[in-house]
Amino acid sequence: MTRVAEILPAGSWTEDSAADVFAADYEGRHRRRMMLPLRSGAKVLLDLDHARLLHDGDGLRLEDGRIIRVEAMAEDLMAVTAHDALHLLRLAWHLGNRHLPAAIEEQRILVRQDHVIADMIRGLGGHVRTVQAPFDPESGAYAGRTGAHGHTHDHNHDHAHSHDHGGGHHHHSHD
């Protein structure tokens, strides 16, 4: 079985040299160990020390030297928009306070479908619409592009509330 030997960050290699493509949605690209189905029908083994998100445009260098391009597939997302830049910044703060994976763009923020979050954004005066787009969220300050999905900051706060880290990972704080 051919194994992935190294992950090459997007922009650090020549994409037209790719021998094949691994295309998946956000969940399918956030892995630690998995047989990756390639566009050609072949499969390669991804076996990492810890789970990480493979970003659109990353290269997977195989043991035999070939490189597989990672492609983020379009999926149903929520596009969050606002009245102006300051309002969008405030909405971003509220989304970040909930530890949601988010793709930050100049005019919008893309997040995964969640009716509770949609209601919160609307309640804050923001706009939400469903779009089909690849989801390649920010990695976060604690993860880095080459780091783990998790983060190391503590959750000691002076008030009780929940943190949703996506993918079913929650912290509940009760003082």
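## Cap and course of α3

Asp 114 caps the N-terminal end of α3, with a side-chain oxygen 2.9 Å from the backbone nitrogen of Val 116; a polar contact is a pair of N or O atoms within 3.5 Å, where within protein one must be able to donate a hydrogen and the other to accept it, and residues adjacent in sequence count only if both atoms are side-chain atoms. Helices (H or I, at least four residues) and strands (E, at least two) are DSSP runs, numbered from the N terminus. Just after α3, Gly 125 has a positive phi of about 85°.

This is a predicted model, in which local features need pLDDT of at least 70 and side-chain atom pairs count only at pLDDT 80 or more, while totals for chains, interfaces and linings use all residues. Residues are numbered from 1 along each chain as its sequence is written, and side-chain values use heavy atoms, with hydrogens and water left out.

Ile 117, Ala 118, Met 120 and Ile 121 are the buried residues of α3 (buried is under 20% relative accessible area, exposed over 50%, partly exposed in between; 1.4 Å probe, protein chains only). They cover an arc of only 160° around the axis, which puts them on the same side of α3; the arc is that of the directions from the helix axis to the C-beta atoms. On the other side of α3, His 115, Val 116 and Gly 123 are exposed.

The buried residues of α3 pack against β7, α2 and β10 (contact is heavy atoms within 4.5 Å).

## Helix α2

Asp 84 caps the N-terminal end of α2 through a side-chain oxygen 3.2 Å from the backbone nitrogen of Leu 86. The buried residues of α2 are His 87, Leu 88, Leu 91 and Leu 95. Their arc around the axis is only 100°, which puts them on the same side of α2. Ala 85, Leu 89, Arg 90 and Trp 93 are exposed on the other side of α2.

The cover over the buried residues of α2 includes β7 (74–81), β9 (109–112) and α3 (115–123). After α2 comes His 99, with a positive phi near 55°.

## The sheet

Four strands form an open sheet in the order β8-β9-β7-β10, with antiparallel pairing (two strands pair if DSSP finds at least two bridges between them). β8 (103–104) and β10 (127–134) stand at the edges with a single partner strand each, so one side of each is left without a neighbour in the sheet. β8 and β9 pair in the antiparallel sense over two bridges, and Ala 103 stands opposite Leu 110 in β9.
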